[in-house]
Amino acid sequence: MKTYTVGGGWGDAIHFSPEWIKNSDKQRVCGWKHVIPSVGDVMKVPMASGNNLLFKFINVTKMGDPPDMFVADVEAIGYEET
């Protein structure tokens, strides 16, 4: 299992998609990573409180053009323990 962090810059980023999934615990993200996330990997989202909210990748679709692009659905699994 790998851990990723939301955000980043050109060619190395994960962002929440504007295509929010309404009435669901799932959210859509899109990204560009040299190592594309797999189902079961985790994404950290820093919150204003200083804590990290964790999301689990529940499906990942590789776009193929460009080869490092993907879209995925994630679901919140709770806050990171400190």
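Author: Begin with a definition: a salt bridge is a side-chain nitrogen of Lys or Arg within 4 Å of a carboxyl oxygen of Asp or Glu. Buried means under 20% relative accessible area. Keep in mind that this is a predicted model.

Reader: How far from Asp-41 is the nearest side chain of opposite charge?

Author: That side chain belongs to Lys-2, and it is 6.8 Å away. Asp-41 is buried, yet it has no salt bridge, because a salt bridge needs the two atoms within 4 Å.

Reader: What does the side chain of Asp-41 reach?

Author: A polar contact is a pair of N or O atoms within 3.5 Å. Here the side chain of Asp-41 comes to 2.9 Å from the backbone nitrogen of Ser-38.

Reader: Where does Asp-41 lie along the chain, and which residues is it in contact with beyond its neighbours within four places in sequence?

Author: Asp-41 sits in the loop that runs between β4 (26-32) and β5 (42-46). With those sequence neighbours set aside, its contacts are Met-1, Lys-2, Tyr-4, Phe-55, Lys-56 and Phe-57.

Reader: How many aromatic pairs are there?

Author: Two rings pair if their centres lie within 6.5 Å, and planes over 60 degrees apart count as edge-to-face. The count by this rule is 2 aromatic pairs. In one of them, the ring centres of Tyr-4 and Phe-57 are 6.1 Å apart and the planes stand at 80°, so the pair is edge-to-face. Tyr-4 belongs to strand β1 (residues 3-5) and Phe-57 to strand β6 (residues 52-62), so this pair ties together parts 53 residues apart in sequence. Both Tyr-4 and Phe-57 are buried.

Reader: What are the values for the pair of Phe-16 and Phe-55?

Author: Phe-16 and Phe-55 are 5.7 Å apart centre to centre, with 70° between the planes, and the pair is edge-to-face. Phe-16 is in strand β3 (residues 12-16) and Phe-55 in strand β6, so parts 39 residues apart in sequence are tied together.

Reader: Is Phe-16 buried or partly exposed?

Author: Phe-16 counts as partly exposed, because its relative accessibility is 26%. Phe-55 has 7%, so it counts as buried.

Reader: Which elements make up the protein chain as a whole?

Author: The protein chain has 7 strands and 0 helices. Of its 82 residues, 32% count as buried. A compact globule with 82 residues would have a radius of gyration near 12 Å, and the protein chain agrees, because its value is 12 Å.

Technical notes:
Residues are numbered from 1 along each chain as its sequence is written. Side-chain values use heavy atoms; hydrogens and water are left out. Helices (H or I, at least four residues) and strands (E, at least two) are DSSP runs, numbered from the N terminus. Buried means under 20% relative accessible area, exposed over 50%, partly exposed in between (1.4 Å probe, protein chains only). Lys and Arg count as positive and Asp and Glu as negative; His and the chain ends are not counted. A polar contact is a pair of N or O atoms within 3.5 Å; within protein, one must be able to donate a hydrogen and the other to accept it, and residues adjacent in sequence count only if both atoms are side-chain atoms. Contact means heavy atoms within 4.5 Å. Rings of Phe, Tyr and Trp (its six-membered ring) pair if their centres lie within 6.5 Å; planes under 30 degrees apart count as stacked, over 60 as edge-to-face and the rest as tilted. The radius of gyration is taken over C-alpha atoms; the globule rule is 2.2 Å times the number of residues to the power 0.38.
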